[in-house]
Amino acid sequence: MKTLNELINILWEDYSSMNQQAKRIHELLKARGENIINDHIAFRTYNFPKIGVDVLALPFKRFGYKAKGEYGFPDKKLYARHYEHPDERNPRIFISELKVQECSKDLQKIVEGLAQQVTDKDVADDRFIVSGRLWSPISYKTYLKLKEESEYAAWMAVFGFRANHFTVLFNALKTFKDLQEFNQVIKDSGYPLNSAGGEIKGTPQDLLEQSSTLAHSVEVEFSESRETVPACYYEFARRYPKADGKLFSGFISQSADKIFESTDNKKS
Ligand code: NI
């Protein structure tokens with residue numbers, strides 16, 4: 001991976017080939033003459049030192065990204081950090097991790113078993129950030145058990161290391177009055193939105209409004225069967241200026257907490 005663009009393109013290819021709705025929404029916007037700017041790319045992981053936030057951030061730090069905000073999600077037992085590039089045209093990177101030690105012993109045992117299968121060679125690989133599931137498939141029964149406790153843990157067990165979502169920056173769009181109107185067009189085009197906590201998370205006073213599609217389902221391999229489970233979603237973000245006139249660049253924990261539920265089909 002020689003350039004940041006190359007890395008982002010590989011991540012987009014992987015993400016959009018799994019998440020056809022992102023590809024179609026992309027095309028829908030382009031057909032309206034829109035130029036799409038990517039606000040952020042999000043990743044998930046478990047907080048083992050070998051594969052935690054710090055490790056997932058490495059390929060981005062190599063291209064000049066710097067750690068900015070930190071976020072806690074106590075209910076979901078998650079910690080997250082976001083990274084920014086000195087060239088603001090590059091997307092923010094948002095990496096979260098499950099605080100495994102706060103979960104049940106059963107969950108700990110399962111995900112430790114997955115993380116153990118990740119080798120140093122896997123982590124050192126150029127394409128680690130887009131390597132997907134680096135462990136043998138779990139059973140569908142184990143998936144459902146994980147999901148009962150942590151939808152996040154279950155998603156990670158199935159999809160592994162890859163972009164969980166890309167995000168369209170609303171501010172760069174020219175043919176929509178507001179995020180409400182944008183959302184309506186997305187829904188009218190056949191893409192249901194995540195309505196947990198309302199379709200739009202955050203307010204202009206929070207300086208960030210976000211919405212997202214519900215993850216569409218894909219067929220994946222389990223140890224004894226193939227099953228259809230929610231995969232990735234597409235997110236939309238509108239940023240507002242701070243007192244100094246510059247656009248707010250961080251994230252709002254309360255809103256992100258609900259956005260995480262875009263991969264939870266029980267909540268739809
Ligand atoms: Ni996001």
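## Salt bridges

In this predicted model, D106 and K145 form a salt bridge whose closest N and O atoms are 3.1 Å apart, the term standing for a side-chain nitrogen of Lys or Arg within 4 Å of a carboxyl oxygen of Asp or Glu. D106 lies in helix 4 (residues 105-115) and K145 in helix 6 (residues 140-149), so the pair ties together parts that are 39 residues apart in sequence; helices (H or I, at least four residues) and strands (E, at least two) are DSSP runs, numbered from the N terminus. D106 is partly exposed at 45% relative accessibility, and K145 is partly exposed at 43%, where buried means under 20% relative accessible area, exposed over 50%, and partly exposed in between (1.4 Å probe, protein chains only).

The whole structure holds 16 salt bridges. One of them joins the side chains of D257 and K76, at 3.0 Å from N to O. Because D257 belongs to helix 9 (residues 253-259) and K76 to the loop between strand 2 (66-73) and strand 3 (78-84), this pair ties together parts that are 181 residues apart in sequence. D257 is buried, with a relative accessible area of 12%. Another salt bridge links K242 with D244, the closest N and O atoms being 3.7 Å apart; here K242 is partly exposed at 35% relative accessible area, whereas D244 is exposed at 52%. Through shared partners, salt bridges also join K76, D257, K258 and E261 into one network.

## The nickel site

The nickel ion has as its protein donors H40 (NE2), H165 (NE2) and E235 (OE), which lie 2.1 Å from it. Donors are N, O and S atoms within 2.8 Å of the metal (3.2 Å for Na, K and Ca), and since water is not among the atoms, sites may look incomplete. Along the sequence, the donor residues are spaced H-x124-H-x69-E. H165 in strand 5 (residues 165-169) and E235 in strand 9 (residues 235-239) are 70 residues apart, and this pair links distant parts of the chain.

Seven strands form an open sheet of mixed pairing, in the order 2-3-4-1-5-9-6; two strands pair if DSSP finds at least two bridges between them. Strand 2 and strand 6 (208-212) are the edge strands, each pairing on one side only. Neighbouring strands of this sheet are turned by 20 degrees against each other on average, with direction ignored. Strand 5 and strand 9 run parallel and are joined by three bridges, and V168 stands opposite F236 in strand 9.

Helix 1 (residues 4-18) packs on the sheet, where it touches strand 1 (38-46) and strand 5, and its direction makes about 110 degrees with that of strand 5. Contact means heavy atoms within 4.5 Å, while axes are lines fitted to C-alpha atoms, for helices over the stretch in contact, and angles run from 0 to 180 degrees between N-to-C directions. Helix 7 (residues 151-159) lies across strand 1, strand 3 and strand 4 (92-98), running at about 90 degrees to strand 1.

## Basis of the values

Residues are numbered from 1 along each chain as its sequence is written, and side-chain values use heavy atoms, with hydrogens and water left out. As this is a predicted model, local features need pLDDT of at least 70 and side-chain atom pairs count only at pLDDT 80 or more, whereas totals for chains, interfaces and linings use all residues.
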